[in-house]
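Hi there,

Here is the structure I promised to pass on to you. Please have a look at it first, and then read my notes below.

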Amino acid sequence: MKAMIFAAGLGTRLKPLTDTMPKALVPLAGKPLLQWQVEKLREADIKDIVVNVHHFPDQIIEAVQANNGWGCNIVISDERDELLDTGGGLRKAWQEGLLPTDEPVLACNVDILSNIDLPAFRASYDPKSLGSLVVSDRKTQRYLLFDDHQMLRGWTNMNTGEIRPASLSEADHSITSSFHKLAFSGMQILNPAVFAKMEKIVMQKGDKFSLIDLYLSLCETYEFKAFIPSDYRMMDVGKIDQINEAEVFAQSL
């Protein structure tokens, strides 16, 4: 299995650190965020990794080269000309031939740390579905909606009341109460067949779109399954005032 780490973001919530470095190189307990992710994948015997870059891209490329990929074969998908979001970034890497067409791909965000059991996650992947999404019951404002068979059916924003896809929003809003509201954790295993099904969202959004946009454009027709880890702990290292807490968390994994 090959992996892709989304590392191209601007990291605006981590300013002023990201005024001079990319989010992926923000240090936690002596290691950059990117290294934490690479080592987690390596421990699960996933050593072929694509990393996309945009903000201070040369710094990431130099760090990968200087550290020999932290024991992995890392190739770069260069988005310095345009930041494409997670879905668009995945599609670009595929179009460049950096991702396989015949085996699943694990994709994750560089700034989300967790204790997920990657071998168990890999074992749960069902090739009859288009993907397996890591979710949990943590409190948030935006939830993915799953049915009793753990199949993705939609998304809702609890603050605004927005519901997607349109077929759900046009129905009685009480219909969402029949779904399980679960928070996405920024990690997924995707069937390579998903790449051939991206044209619908590209027609709607152009080359820049999120993976959530992709899933919601396809979930009425294709299966995306929930993976709910046991004893799951995660942290989104998204804010500058969380750095000290994130260092403690990272060392506890």
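Let me start with a histidine: the side chain of His 55 comes to 2.8 Å from the backbone oxygen of Thr 18. Please keep in mind that this is a predicted model.

His 55 sits in the loop that links strand S4 (48–53) to helix H2 (57–66). Is His 55 buried or exposed? Its relative accessibility is 18%, and since buried means under 20%, His 55 counts as buried. Leaving aside residues up to four places away in sequence, His 55 touches Ala 8, Gly 9, Leu 10, Thr 18, Met 21, Pro 22 and Ile 60.

Next, helix H1 (33–43). Eight of its 11 residues are buried, so H1 is largely enclosed by the rest of the structure. The buried residues are Leu 33, Leu 34, Gln 35, Trp 36, Gln 37, Val 38, Glu 39 and Leu 41. After H1 comes Asp 45, with a positive phi near 65°.

H1 also leads us to the second largest pocket, where it gives the most to the lining, with five residues. Strand S6 (105–109), strand S7 (112–114) and S12 each supply at least two residues there as well. This pocket holds about 260 Å³ of space and is lined by 17 residues, with Trp 36, Lys 40, Leu 113, Ser 114 and Leu 253 nearest its centre. By class, the lining has eight nonpolar, five polar and four charged residues.

That leaves the largest pocket, with about 1300 Å³ of space. How many residues line it? There are 46, and Arg 13, Asn 109, Ile 112, Arg 142 and Asp 236 lie nearest its centre. The lining divides into 19 nonpolar, 14 polar and 13 charged residues. Helix H3 (85–95), strand S9 (142–146), strand S12 (180–190), helix H7 (211–218) and strand S14 (234–236) each bring at least two residues to it. The largest share, five residues, comes from S12, a strand that also supplies at least two residues to the lining of the second largest pocket.

How values were computed. Residues numbered from 1 in each chain as written. Predicted model: local features only at pLDDT ≥ 70, side-chain atom pairs only at ≥ 80, totals over all residues. Heavy atoms only, no water. 1 Å grid on protein atoms, 1.4 Å probe; cavity = no way out; pocket = protein on both sides within 12 Å on 5 of 7 lines; lining within 4 Å. Points joined across faces, edges and corners; volume = space filled by probe spheres on them. Helix = DSSP H or I, 4+ residues; strand = E, 2+ residues; numbered from the N terminus. Nonpolar A, V, L, I, M, F, W, Y, C, P; charged D, E, K, R; others polar. Buried < 20%, exposed > 50% of the residue type's maximum accessible area, 1.4 Å probe, protein only. Polar contact = N/O pair within 3.5 Å; in protein donor to acceptor, adjacent residues only side chain to side chain. Contact = heavy atoms within 4.5 Å.
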